[in-house]
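This report covers aromatic ring pairs and a nonpolar surface patch. The sequence and model come first.

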Amino acid sequence: MLPYRKNIRLQGYDYSNDGLYFITICVNDRKPMFGNVKEWEMNLNDNGKIVLDCWYDLPNHYDNIVLHDFCIMPNHIHGIIQLSNERAGLKPAPTTHPLSEIVRALKTFSSRKINERNGTQGCPLWQRNYYEHIIRSDSMYTTISDYIKENPKRWIYDQFYFKENT
């Protein structure tokens, strides 16, 4: 019998709706794959740079998204994604893609490139699920945006913190 997995999504909510979404994605087993924090700054290694490139490449694959703040930590990432399904001028309405599809793409693109680079084809990079929060107000947006920007400065207090070998 398979283990029970709790559904962490808001029941009945359509995650392809216009809106702002805060996401957190953790590395499988929370291994430090993307670099390290030194003097309150995140220093990306080559794996971290691949994730950064994949994040900024998402709008080239999904015309209904706008990327906001983003932060890579040694073993997880935080970001704000805006879904917008409005048409602009004479352009046709963008294809609607739910948040889960966009997160799946980010995980797939980055896993493939990192595994290619490291010669570890087929190894899982990311945990199976991800955390999301629907941003419903300007004040919540500001709080989350500040949290993302300040994350490296609070690394030792982070729930995903581990003591790095220096």
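## Aromatic pairs

Rings of Phe, Tyr and Trp (its six-membered ring) pair if their centres lie within 6.5 Å; planes under 30 degrees apart count as stacked, over 60 as edge-to-face and the rest as tilted. By this rule the structure holds four aromatic pairs. One of them is tilted: Phe34 and Trp126, 5.4 Å centre to centre with 45° between the planes. That pair links distant parts of the chain, 92 residues apart: Phe34 is in the loop between β1 (19-26) and β2 (35-38), and Trp126 is in the loop between α2 (99-118) and β6 (131-135). Helices (H or I, at least four residues) and strands (E, at least two) are DSSP runs, numbered from the N terminus.

The ring centres of Trp55 and Phe70 are 4.2 Å apart and their planes are at 10°, so this pair is stacked. Trp55 belongs to helix α1 (residues 46-57) and Phe70 to strand β4 (residues 65-72), so the pair ties together parts 15 residues apart in sequence. Phe22, Tyr131 and Tyr147 form one aromatic cluster.

## Burial and surface

Buried means under 20% relative accessible area, exposed over 50%, partly exposed in between (1.4 Å probe, protein chains only). Phe34 and Trp126 are buried, and Trp55 and Phe70 are buried too.

Ile156, in the segment after α3 (138-150), counts as exposed because its relative accessibility is 52%. Ile156, Tyr157 and Tyr161 make a nonpolar surface patch of about 360 Å². Accessible areas come from the Shrake-Rupley method with a 1.4 Å probe; for residues, only the protein chains shown count as cover.

## Basis

This is a predicted model: local features need pLDDT of at least 70, side-chain atom pairs count only at pLDDT 80 or more, and totals for chains, interfaces and linings use all residues. Residues are numbered from 1 along each chain as its sequence is written, and side-chain values use heavy atoms, with hydrogens and water left out.

Note on methods:
Patches are made of residues with over 30% relative accessible area and no salt bridge: like charges are joined within 9 Å, nonpolar side chains (Val, Leu, Ile, Met, Phe, Trp, Tyr) within 5 Å. A salt bridge is a side-chain nitrogen of Lys or Arg within 4 Å of a carboxyl oxygen of Asp or Glu.
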